[in-house]
Amino acid sequence: MTILVERRAGYRRITLNRPERLNALNIEMGEALVAALAAAEADPACRALMLTGMGRGFCAGQDLNEIVDMPVAEIPALIDHYNPLIRRLAASPLPIVCAVNGVAAGAGANLALACDIVLAARSASFVQAFARIGLIPDCGGTWFLPRLVGIARARALALLAEPLPAETAADWGLIWRAIDDDRLLPEAEGLAERLAAGPTVAYGLMKRAFNAAASNDLARQLDLERDLQSEAAAAPDHAEGVRAFLEKRPASFAGKRG
Ligand code: LHQ
């Protein structure tokens, strides 16, 4: 099994499971991930996701054994195989926490960046390894990197293909936080649990708004915020949040649509 899926209270934990290859991606793993996301989204009891890797690495990108003898003509089809995964992570209505437990290289780094909240073990690093093998960042790298860290750092990360330690990644805004290694999983699980108890509809709408902001001007984005806010306000969690505030008690969100 290239991935493991565990059902937890309110969320699912997905673990990349090819530790002997630092969880390098292959077609089977890409397909399994898309299927796991679809299954999670179809389950009303699942309100968040957590993604991590088995063993000492998070994900070493494309399994190079799979492409070593591949005719160039087949590369687009391979990439078209992974792109739905990246689109699905970004567009998923569920909040996704990524716990980068070790090195995240090539497509593996960009897989992490497609998630909503990225935590990394202090010993982990991010490598846009593509240039080392004469390729360009894919799986959204050229889109995510400049948005997260600015074009100057994005260019250097891609051209130099040097490992970026987790702590610097956090300082630069590439990820949310670097965490002591032994605290990574408990912290990520705590976040996933917290998100699973949150206003699920609003979270999904926030993701839509942020994604659209990348190509909207301010006027269009303001219109979109108005429309999405109406959807958020129609969900029972909005009324519950307001009532809870006025009654000075914690809100109890059900995560249902209005
Ligand atoms: C691996 C891999 C790996 C196979 C470690 N494959 N075995 C491109 C083209 C077309 C379509 C689709 O998408 C893409 C996107 C891409 O992702 S291209 C970029 C692919 N990834 C890389 O180029 C990274 C290759 N790996 C590395 O540079 C290093 O392994 C890193 C920096 C990740 C970790 O280094 P170390 O900690 O020193 O570990 P290691 O190199 O000793 O690796 C451990 C084992 O894992 C080793 O196997 P072995 O049998 O010797 O123990 C590696 O061969 C294997 N492995 N990455 N991508």
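I worked on a predicted model, where local features need pLDDT of at least 70, side-chain atom pairs count only at pLDDT 80 or more, and totals for chains, interfaces and linings use all residues. Residues are numbered from 1 along each chain as its sequence is written, and side-chain values use heavy atoms, without hydrogens and water.

**Helices 5 and 6.** I looked up helix 5 (residues 141–149) and helix 6 (residues 151–160); they pack at about 135°, with axes 7 Å apart. Helices are DSSP runs of H or I, at least four residues, and strands are runs of E, at least two. Axes are lines fitted to C-alpha atoms over the stretch in contact, and angles run from 0 to 180 degrees between N-to-C directions. Helix 5 contributes L145, P146 and V149 to the contact, and helix 6 contributes I151, R153, A154 and L157. Contact means heavy atoms within 4.5 Å. I sorted these residues into six nonpolar, no polar and one charged.

**T2.** I found T2 in the segment before strand 1 (3–7). T2 is buried, at 8% relative accessible area; buried means under 20%, with a 1.4 Å probe and protein chains only. Leaving out residues up to four places away in sequence, T2 touches T15, L16, N17, R18, N26, E28, M29 and A32.

**Cores.** I then checked the nonpolar cores, sets of buried Ala, Val, Leu, Ile, Met, Phe, Trp, Tyr and Cys residues joined through side-chain atoms within 4.5 Å. The largest has 64 residues, and L16 and L33 are among those with the most contacts inside it. Helix 8 (residues 184–196) supplies the largest share, six residues. Beyond four places in sequence, L33 contacts I3, I14, L16, L25, L51 and L85. A second, separate core of six residues includes V201, A209, L228 and A235.

Conventions. Ala, Val, Leu, Ile, Met, Phe, Trp, Tyr, Cys and Pro count as nonpolar, Asp, Glu, Lys and Arg as charged, and the others, Gly among them, as polar. Buried means under 20% relative accessible area, exposed over 50%, partly exposed in between (1.4 Å probe, protein chains only).
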